[in-house]
Amino acid sequence: MDKPGVQTFETVTPRREGFVERGGVKSWYAQYGDEGPWLAFAPIFQIAHSHLLRGVVPYLSQQYRVVVMDLRGNGRSDRPRTQDHYSFDHYYADFVAVLDRLEVDRAVVVGISATAMTAIRLASEQPQRVSHLVLAGGWVERRLEKPEAVQAFQANLARMRADWPAYLDEFFGLCFPEAHSTKPFEDGVIDGSCTDGEVVAMGVTGWMGHDMRSAAATVRCPTLVIHGTDDRRVPYAQGELAARLIPGARLVTVGEGGHLLPARDPVAFCRMLDEFTAVAPPRSTWVRAMARKRKALFVSSAIGLGHVQRDLAIARAMRAQQPDLEIDWFTVPPASTYLEREGERLHPITARLANESRHFESLAGEHDLQAFFALRTMDEVMARNFMVFAELLREEHYDIVIGDEAWEVDYHFHENPELKRQPFVFLTDFVGCLPMEEGNEREAFLCADRNADEIEHVARYPWIRDRAIFVGNVEDVPDLPFGPGLPVIRDWTRRNFTFSGYALPFDPASLADTQALRARHGYRRDDKLVIAAVGGTAVGAPLLQKIAETFPLMKKQEPGLRMVLVAGPRVPRESLPVHEGLDVLPYVHNLFEHLACADLAMVQGGLSTCMELVATRRPFLSFPLERHFEQCIHVQNRLHNYCADCAVRFREVTVQELAEKALQTMHAPVRYKAVETDGAVRAAEQILAVMENRHWASA
């Protein structure tokens, strides 16, 4: 049912969707979630559509049956071309028709901006249908009584019709005056580009001249009014007016907040909504403080398997020092699958998380992933998963939270610092987003903006991260600036992080006996063994395909060659070619043991696998993903420090050239610098020091 260019939610699909038709105009609607009370968003002004709600609907649909619709003029709804199809009465009747179609008898009703008038009208005319009313940055009246107001409105319509792209920039620039709002701003512009200035000019005309003040005075349901003091589209006085007119209404003022709170601050909006409607689990448990066991929550990034393997090594080192410590894990497949096989406890609430790996896979090309934009567009995933995280911390007590590249936790804690209730340790193996496309001014600007946001977060709220641990050494941090006018990454990291050294998930000495390892895993002693692996996502499928094509060429020169392709859990085995002596494995647990058997490894350019190969002193070639700033800059800088410059540009090497380079590398001696073996223990000691909170005490 999608129209070209119309973005939809990424992490949730409709339980029901369809169209209502009135007077020949079809309006799209959808229901998300199939349990709980109804929550209906009145359709927003035609300059955007329901995609504006991507930060809140995926989470709210876990507790409510959420109704959204696209107002006639945008989204998946029709765009009639005459003014008579655009009126406040039509907008209201379209909304009621959707509620009737879905048989919504009683709902929490949310009105944002102009559509607050729709919500007020429904609460006044059909009071039995509205259990709670929420108005966010909403108009109560849109009268045009003074000549100067009429003149300004006509000039506004003229700008819409004359230069729609310029108008969208102007409009959403005013909607998001908050610093570092480039992502919601761009989303708004994209949503507005799904329609045109002529349609929206007719649409906004339909909203004008209406006054809901009398209706507001008749509303009797509990009402929450949310309004920002820096709202440049709807004056804060309109929020004060609504709160004054509606009996018993509660006004929540967002200090220095702009116009579209659900888009700019989705966590704050969901919290306000939850607290107001008092939707809570049917039962909960409170354990007396001194009866609580020591517990840690480990939030592990699920992009690939490298993070979770080192995290498990750190967790085991923590338990070795604190045997009574219980650890719950907060992650999704493939990381969760690995942990379960290792006998770890995954918290049941993680079944409600969105999958980060799927997001990255959806944006990948042929051995190409614009990692910065993949991270930047993960905001829907991050908002949904953080709200699940925050819900867990409301219900259960943890002595400490450890987040390994848990960007959602780190970002939203800094944006909502009042939610931090326990020590938080942040781990990462890279600091700073860096542009990859020469001459791409937008990428360079947005990278710098994201870096500046993190720098300002840490400066203002240094206590959010009780400790930040860089999983590596000082020289592993690039000696490059964050961006124009910003600090050098290495200098800033040295001031704001401690360093653990690299955290291996094994002791290299335990894998030194190659022949014993081969016997354990079913490899022959005399095989010339090549193993190719691409991690836990499907992004590396083109690389596996290319490596497989080298096999016949390599085997001509090395008759005893055997090649094993580890497709991982997300690359279909049947998508890869079949050759005698070429094996394809769908998933290999503790892959590092197999790689330690290899005469040559060919791997994607991820840090964990490459460092494991350096530690076991195996010859290897790595293939950093094109435009992947972490693999191409951060990882390569670190591998250079360990004398392991083994990178190959996927697009710049033919199959024949790759076969020759692979054979040459297989027979060449390695001269790697030794990888430290105490990184996991050092990280564990630092984390436990935070939990013990004794660093300030005298000896």
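Visitor: What is S77 in contact with, leaving aside its neighbours within four places in sequence?

Guide: S77 is in contact with K3, K26, S27, W28, D70, L71 and R72, leaving aside neighbours within four places in sequence; contact means heavy atoms within 4.5 Å. This is a predicted model, in which local features need pLDDT of at least 70, side-chain atom pairs count only at pLDDT 80 or more, and totals for chains, interfaces and linings use all residues. Residues are numbered from 1 along each chain as its sequence is written, and side-chain values use heavy atoms, with hydrogens and water left out.

Visitor: Why is S77 called buried?

Guide: Buried means under 20% relative accessible area, exposed over 50%, and partly exposed in between, with a 1.4 Å probe and protein chains only. S77 has 0% relative accessibility, so it counts as buried. S77 lies in the loop between β4 (65-69) and α2 (88-101); helices (H or I, at least four residues) and strands (E, at least two) are DSSP runs numbered from the N terminus. From there, the S77 side chain reaches the backbone oxygen of D70 at 2.5 Å.

Visitor: How do you know that C194 is in no disulfide?

Guide: A disulfide is a pair of cysteine sulfur atoms within 2.5 Å. By this rule the count is zero disulfides. For C194, the nearest cysteine sulfur is that of C175, 16 Å away. C194 counts as buried because its relative accessibility is 15%.

Visitor: Why is α17 called oblique to α18?

Guide: Angles under 35 degrees count as roughly parallel, over 145 as roughly antiparallel, 65 to 115 as roughly perpendicular and the rest as oblique. Helices α17 (residues 407-415) and α18 (residues 441-460) pack at about 60°, with axes 10 Å apart. That angle makes α17 oblique to α18. Y411, H414 and E415 of α17 make the contact with D453, H457 and V458 of α18.

Visitor: What makes α11 and α16 oblique to each other?

Guide: Helix α11 (residues 266-277) packs against helix α16 (residues 379-395) at an angle of about 45°, their axes being 10 Å apart. The two are therefore oblique to each other. The contact is made by P266, V267, C270, R271 and D274 of α11 and A383, F386, M387 and R394 of α16.

Methods:
Polar contact = N/O pair within 3.5 Å; in protein donor to acceptor, adjacent residues only side chain to side chain. Axes fitted to C-alpha atoms, helices over the stretch in contact; angles between N-to-C directions.
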